[in-house]
Amino acid sequence: MKKIHSLNQKWQHVFILVLVMCLFLSCNNSKSNAVVVNNDTIPVYNFDQLQPLLYTDSSKTYIINFWAMWCAPCVKELPYIQQYQQKNPETEVILVSLDFTKDIETKLKPFLKQKNITSKVVLLDDPASNTWIDKIDPNWSGALPFTIVFNNKKRAFFERSFESVEDLETEINKTLTN
């Protein structure tokens, strides 16, 4: 009987210790600047569904990057876009994948996880690319990567890959301050 009582006391102490640790950790008021999106669900849009995301009435900065897993310059610049978003969590980043819808589960999601890409990803599945490319920017050849940086007053298009996070920052700053 004494053994059972002693065992119960030990479990009570463990329980209280765990409870105190949980309370201590939940009272931590520090804020993280990291923007983390759960890419477990990747929405598939046609161009009509995507188009409203390409404009804003807000002064908030948006970066829309058109890319694909098979595009080496796209893959190279993804970490720079990710770094920029982590340093500037007030900026909204949307990575528009032009990969195949059939590859979302088997290739795209594993790729994003492996590359630690947590920016929001949507997949554009619209075969009328000759129509929607011109609607985005008549000067766009359709080559990837292609990035739009904008807010309600300024807009710039980049048909090239960014070579570093500093390169991206420079272009964003030039766009928004000119």
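**Sheet, packing helices and core of a predicted model**

Val-96 has Val-122, in S4, as its bridge partner. This pair belongs to a predicted model, in which local features need pLDDT of at least 70 and side-chain atom pairs count only at pLDDT 80 or more, while totals for chains, interfaces and linings use all residues. Residues are numbered from 1 along each chain as its sequence is written, and side-chain values use heavy atoms, with hydrogens and water left out.

The protein holds 6 helices and 6 strands, where helices (H or I, at least four residues) and strands (E, at least two) are DSSP runs numbered from the N terminus. Read from the N terminus on, the elements follow the order α-β-α-β-α-β-α-β-α-β-β-α. Of the 178 residues, 40% count as buried; buried means under 20% relative accessible area, exposed over 50%, and partly exposed in between, with a 1.4 Å probe and protein chains only. Among contacts (heavy atoms within 4.5 Å) between residues at least 6 apart in sequence, 70% join residues at least 24 apart.

The 6 strands form an open sheet in the order S1-S4-S3-S2-S5-S6, and the pairing is mixed. Strand S1 (44–45) and strand S6 (155–158) are at the edges with a single partner strand each, so one side of each has no neighbour in the sheet. Two strands are taken to pair if DSSP finds at least two bridges between them. On that basis S3 and S4 pair in the parallel sense over 4 bridges, and S1 and S4 are likewise parallel, over 2 bridges. S4 itself is mostly covered, with 4 of its 5 residues buried. Strand S2 (residues 62–67) and strand S5 (residues 146–150), by contrast, pair in the antiparallel sense over 5 bridges, and here Tyr-62 stands opposite Phe-150 in S5.

Two of the helices that pack on this sheet can be followed in detail. Helix H4 (residues 104–114) touches S1, S2, strand S3 (92–97) and strand S4 (120–124), and its direction makes about 150° with that of S4. Helix H6 (residues 165–177) touches S2, S5 and S6, and its direction makes about 150° with that of S6. For these angles, axes are lines fitted to C-alpha atoms, for helices over the stretch in contact, and angles run from 0 to 180 degrees between N-to-C directions.

H4 has a clear division between its sides. Ile-104, Leu-108, Lys-109, Phe-111 and Leu-112 are buried. These residues lie on the same side of H4, because they cover an arc of only 155° around the axis, the arc being that of the directions from the helix axis to the C-beta atoms. What covers them includes S1, S2, helix H3 (72–87), S3 and S4. The face turned away from the buried side carries the exposed residues Thr-106, Lys-113 and Gln-114.

Leu-108 also stands out in the largest nonpolar core, a set of 46 residues in which Phe-66, Trp-67, Leu-108 and Ile-136 touch the most other members. Such a core is a set of buried Ala, Val, Leu, Ile, Met, Phe, Trp, Tyr and Cys residues joined through side-chain atoms within 4.5 Å. With neighbours within four places in sequence set aside, Leu-108 is in contact with Ile-42, Trp-67, Met-69, Ser-97, Asp-99, Asp-103, Val-121 and Leu-123.

In H6, the buried residues are Val-165, Asp-167, Leu-168, Glu-169, Glu-171, Ile-172 and Thr-175, and they pack against S2, H3, S5 and S6. Asp-167 counts as buried because its relative accessible area is 19%. Not counting residues up to four places away in sequence, Asp-167 touches Arg-160, Ser-161 and Phe-162. The length of H6 agrees with expectation: at 1.5 Å a residue its 13 residues should span 18 Å, and its end C-alpha atoms are 18 Å apart. The expected span is 1.5 Å times one less than the number of residues.

Most residues other than glycine have a negative phi, and most peptide bonds are trans. Asn-116, in the loop between H4 and S4, has a positive phi near 55°. Asn-116 is exposed because its relative accessibility is 55%. In the loop between helix H5 (129–136) and S5 lies Pro-145, which a cis peptide bond joins to Leu-144, with omega about -5°.
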